[in-house]
Each structure stands twice: as structure tokens, then as C-alpha cells.
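Try each task yourself before you read the solution below it.

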Amino acid sequence: MEFSSKLLEQAVNEMSQLPGIGKRTALRLVLHLLRQPKEQTLVLSNALQHMRNEVKFCKSCHNISDNELCEICSSHNRNTEIVCVVEDIRDVMAIENTSSFKGLYHVLGGKISPMDGIGPHDLNIDSLVKKVREGTVKELIFALSSTMEGDTTNFYIFKQIQDYNVFTSTIARGISVGDELEYADEITLGRSIVNRIPFETSLKL
Ligand SMILES: [Zn+2]
């Protein structure tokens with residue numbers, strides 16, 4: 001793509017770093033901003049910067065939060081002995097929408113993917129293992145998407161914690177292989193948590 005302006009090119013390049021935004025879409029968005037009053041761009045960039053600077057991650061489950069502990073972790077109505085392991089914050093939102101789960105979460109922040117250069121230490125796994133080691137967790141539910149990366153991540157965590165006294169389960173595969181959790185409908189996702197199966201059984205399937 002040939003640009004008549006270096007400034008335009010730079011803005012398009014930055015915009016196209018966002019997921020799902022190709023160069024053409026980036027150009028369309030940037031040209032849209034150029035047609036808008038300058039203040040509009042300022043409002044947008046301030047909102048992004050404010051969000052980036054102010055947002056916190058719960059120190060226990062790594063969910064996005066306005067406080068040190070998120071609302072779920074600080075609630076008295078949750079079962080603190082069951083922890084549902086999810087890939088990202090969107091999965092917490094999806095599972096919360098089902099109203100089928102009253103335990104706590106642990107947000108990994110992704111899944112192990114050597115192809116993308118994401119190893120176990122890039123994820124919030126150590127803090128999960130520490131929680132299990134401390135003995136307060138009785139059951140871990142693996143609720144990652146059933147992709148190869150999801151399975152690898154489950155297995156890696158399972159290996160880390162199998163010597164501790166914790167029951168591991170995985171959500172029932174009402175969710176078809178490869179499906180991302182956030183796209184599952186609420187009833188299917190709710191059922192798959194209620195009908196979860198022991199993790200070791202899932203390895204034999
Ligand atoms: Zn939390």
C-alpha cells in the first residue's frame with residue numbers, strides 16, 4: 001500500500017496491529033477519524049489511555065477489576081473451594097451469564113502455544129499452582145477451549161498439581177472440539193459445567 005503521507009502510514013500501521021483489522025480496514029478507520037472533528041480523536045485516545053492506565057487485574061484470579069480483588073473473589077456468596085480455570089476474561093463473562101457456576105475463577109491470560117511463542121511462564125499458571133499448594137482449593141475445573149493448545153495447557157497444569165490433594169475436572173464436551181467458550185450458547189455452556197467429568201477420564205476419550 002502506497003501512502004502520500006508518512007503520518008497517515010504510521011497511523012494505519014498502528015491501527016492494523018489490532019486483531020481482525022487488516023490494512024484496508026485500518027485505512028478506512030483512520031480516514032474516518034480524519035473526517036471527524038479533532039476532538040473526537042482526542043476523546044478516543046484519552047479513553048484508551050485512561051483504560052490502559054487505570055484498569056486493574058484482580059490479584060487473586062487476574063480478572064479485570066476496579067479494585068485489588070474483583071467482585072467475584074470478594075463476594076461472600078461464592079464457593080471458594082472450586083476454581084474454574086479459563087483462558088481469558090471473556091470466558092468469565094460467558095460462564096457468569098449462565099448463572100450455573102458459583103465458585104471462583106482463575107484467568108490464565110491465554111493458552112500454551114509454542115507456534116505463537118507463548119510458553120507456560122507467559123501465563124498466570126504459577127499463581128494457580130500456588131493456590132492449589134496452599135490447600136484451599138478442593139476442585140479445579142478446566143474450562144479451556146477444546147483445541148490442541150487448550151488440551152496442552154490443561155495437561156501442563158494437571159502435571160503441576162497432580163501430586164496435591166485436588167480433584168480435577170473438565171467441562172463436558174457439549175462444546176464441540178475447537179469451539180471457543182465465548183461462542184457457546186448459555187444453556188450448552190451452563191450444562192457443560194454442571195455435567196463436568198473427571199479430567200483423567202477426559203484423557204482416555
Ligand atoms: Zn478475582
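## Exercise 1: The start of the chain

Phe3 is found in the segment before helix H1 (6-15). Keep in mind that you are looking at a predicted model.

**Solution.** 
- Step 1: recall the cut-offs, in which 20 or more other C-beta atoms within 10 Å make a residue buried, 12 or fewer make it exposed, and anything in between is partly exposed.
- Step 2: Beyond its neighbours within four places in sequence, Phe3 is in contact with Leu8 and Glu9.
- Step 3: Met1 also sits in the segment before H1.
- Step 4: for a sense of distance, look at Met1 and Leu144, which are 143 residues apart along the chain and whose C-alpha atoms are separated by 38 Å.

## Exercise 2: The whole chain

**Task.** Describe the protein chain by its helices and strands, its box, its buried residues and its contacts.

**Solution.** 
- Step 1: count the elements, and you find 9 helices and 7 strands.
- Step 2: along the principal axes, the C-alpha atoms fill a box of roughly 65 × 35 × 35 Å.
- Step 3: the chain has 205 residues, and 27% of them are buried.
- Step 4: take the contacts with a separation of 6 or more; residues 24 or more positions apart account for 55% of these.

## Exercise 3: An annotated stretch

**Solution.** 
- Step 1: His62 is in the loop between strand S1 (56-57) and strand S2 (64-65). Its phi is near 70 degrees, a positive value in a residue other than glycine. His62 has 22 other C-beta atoms within 10 Å, so it is buried.
- Step 2: Asn67 lies in the loop between S2 and helix H4 (71-74). Asn67 counts as exposed because it has 11 C-beta neighbours inside 10 Å. The C-alpha atoms of Asn67 and Phe57 are separated by 7.9 Å, with the two residues 10 apart along the chain.

## Exercise 4: The nonpolar core

**Task.** Which residues of the largest nonpolar core touch the most other members?

**Solution.** 
- Step 1: this core has 30 residues, and those touching the most other members are Cys84, Val85, Val86, Tyr105 and Ala143.
- Step 2: the elements giving two or more residues to the core are strand S3 (79-86), helix H5 (89-98), strand S4 (103-107), helix H6 (126-134) and strand S5 (139-142).
- Step 3: zoom in on Val86, setting aside its neighbours within four places in sequence. Val86 is in contact with Asp91, Val92, Tyr105, Val107, Leu108, Ala143 and Leu144.

## Exercise 5: Around helix H5

**Task.** Are H5 and H8 roughly parallel or roughly perpendicular to each other? Then decide whether Ser99 is buried or exposed.

**Solution.** 
- Step 1: H5 and helix H8 (residues 186-194) pack at an angle of about 90 degrees, with axes 8 Å apart.
- Step 2: angles of 65 to 115 degrees count as roughly perpendicular, so H5 and H8 are roughly perpendicular to each other.
- Step 3: Ala94, Ile95, Asn97 and Thr98 in H5 meet Glu186, Leu189, Gly190 and Ile193 in H8. Sorted by class, this contact has 4 nonpolar, 3 polar and 1 charged residues.
- Step 4: Ser99 is placed in the loop between H5 and S4. Its phi is positive, about 55 degrees, although Ser99 is not a glycine. Ser99 has 9 other C-beta atoms within 10 Å, so it is exposed.

Technical notes:
Residues numbered from 1 in each chain as written. Predicted model: local features only at pLDDT ≥ 70, side-chain atom pairs only at ≥ 80, totals over all residues. Core = buried A, V, L, I, M, F, W, Y, C linked by C-beta atoms within 7 Å. Helix = DSSP H or I, 4+ residues; strand = E, 2+ residues; numbered from the N terminus. Contact = placed C-beta atoms within 7 Å. Axes fitted to C-alpha atoms, helices over the stretch in contact; angles between N-to-C directions. Parallel < 35°, antiparallel > 145°, perpendicular 65-115°, else oblique. Nonpolar A, V, L, I, M, F, W, Y, C, P; charged D, E, K, R; others polar.
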